[in-house]
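I opened the notebook to look up charged side chains and surface patches. The entries follow the order in which I checked them.

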Amino acid sequence: MDRPTETGTPAEASTEAPEAPEAAEAATGAAAGAPPAEEPTTPRRTWPRRTRRTALALLLLFLLPVLASQIALRVNYAGDPADGTRTRGRDALWLGHAWVDGRKGDADVAALADRLAGTGVKDLYVHAGPLEHDGTLPASLYPKARWLVGAVHREMPGVRVQAWLGDVLATEGPTGMRLADAGTRDHVVRSTRQILDAGFEGAHFDLEPLHSGDRHYLGLLDRLHAVTRARNVPLSVAAHQIDPLPGFHSFWGTVAGHPKWWSQAFFGEVARRVDQIAVMSYDTMQPLRSTYGGYVAQQTSLALEVTPPGTDLLMGLPFYHENRFGHWNHAETARAAVRGARLGLSRTDAGREHFGVALYVDFAATDADWAAYREGWADDGAG
């Protein structure tokens, strides 16, 4: 900071002769023998220095934990995955709405079959919504559902077609679905029966932003699971990430107004109520490929610790490319996510059978994404 400059009008030069020293002393009234008056000094301005020190201390208080976390994630990305940590044939792929609204045809299904040949993809989550805010689902949204299921069975025997249903929740804004409303939950259950009647072989829900601890959501999952179990089809959900530090969702909710993460305990409660849980392990705000991969390894371990052995745990792979807050394309790569998932699996439960990856999303995927999945996880036919 520049020093402040003095302002004012300079004193005019005097034309009178200077006084003699004795006269000057008399004029000041100084008594004989009195000590000379101290020369006045300008007070030292200590507040700018203190301000700078305080600002530096606050900056370090913020930066040091961030730096420590980045180092920890980088270390978490080190090492080699264990042998055998490859696809178990339980992977999934999110598909866009074009597959059920008439824009896709037989040739597209055949091309998709070629793309998935030799991989571990078992489930297709096909966008059939969104749900209305009251939980209802217009049948006009998925006119080609039954055709798609038949075409997939013909071209890809053994692959299931699930309906991907979602909506924005009114948890952080005035509009959206309100799970606290009993009538809305009733409609969601009715919509689930509706899409199963249309031929879908499972129901996959993505409701966001869903705050940790939401008891209405857990109660809804209990009801939905009763419906899918009676039809002998899976209930699947897309899940938020788990607190990287205990209680971090509460801290971030206070600071940013968006909790984002779930507690590990709540994640476990959700996992116990479904057949498949797919972690949306992207949009992580990580700036480097190594720290992103380390973050996915951490998320994989945290999820494995609380997911029942009989529930499919799928780690999401980013098959899309954009740069915005929370997602840096150069850092969040499919290759880093695959390696991170394998490292977390290796360290926590290398033999877990009900484990896989979920690829998001078909219409944004590149050949490089598919190569990263095949080379890092699918291994061209590893089962």
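I began with the terms: a residue is buried under 20% relative accessible area, exposed over 50%, and partly exposed in between. The model I am reading is predicted.

Entry, Asp-349 and Arg-352. I found that the side chains of these two meet in a salt bridge, 2.8 Å from N to O. Asp-349 has a relative accessible area of 27%, so I noted Asp-349 as partly exposed. Arg-352 is at 8%, so I put Arg-352 down as buried.

Entry, Asp-123 and Arg-160. I looked up this pair next and found a salt bridge, with the closest N and O atoms 2.8 Å apart. Asp-123 is in strand E2 and Arg-160 in strand E3, 37 residues apart, and the pair links distant parts of the chain. Asp-123 counts as buried because its relative accessibility is 1%. Arg-160, at 24%, is partly exposed.

Entry, Arg-215 and Glu-269. Their side chains form a salt bridge of 3.1 Å, N to O. Arg-215 lies in helix H6 and Glu-269 in helix H8, so this pair ties together parts 54 residues apart in sequence. I also noted that salt bridges with shared partners join Arg-215, Asp-222, Glu-269 and Arg-273 into one network. The count of salt bridges comes to 15.

Entry, surface patches. I found a patch of positive charge on the surface, where Arg-49, Arg-50, Arg-52 and Arg-53 gather. Arg-49 is in helix H2, residues 47-76. Arg-49 is partly exposed because its relative accessibility is 44%. Leu-67 is also found in helix H2. With Ile-71 and Val-75, Leu-67 makes a nonpolar surface patch of about 290 Å².

Technical notes:
Residues are numbered from 1 along each chain as its sequence is written. This is a predicted model: local features need pLDDT of at least 70, side-chain atom pairs count only at pLDDT 80 or more; totals for chains, interfaces and linings use all residues. Side-chain values use heavy atoms; hydrogens and water are left out. Patches are made of residues with over 30% relative accessible area and no salt bridge: like charges are joined within 9 Å, nonpolar side chains (Val, Leu, Ile, Met, Phe, Trp, Tyr) within 5 Å. Accessible areas come from the Shrake-Rupley method with a 1.4 Å probe; for residues, only the protein chains shown count as cover. A salt bridge is a side-chain nitrogen of Lys or Arg within 4 Å of a carboxyl oxygen of Asp or Glu. Lys and Arg count as positive and Asp and Glu as negative; His and the chain ends are not counted. The place of a charge is taken as NZ of Lys, CZ of Arg, CG of Asp or CD of Glu. Helices (H or I, at least four residues) and strands (E, at least two) are DSSP runs, numbered from the N terminus. Buried means under 20% relative accessible area, exposed over 50%, partly exposed in between (1.4 Å probe, protein chains only).
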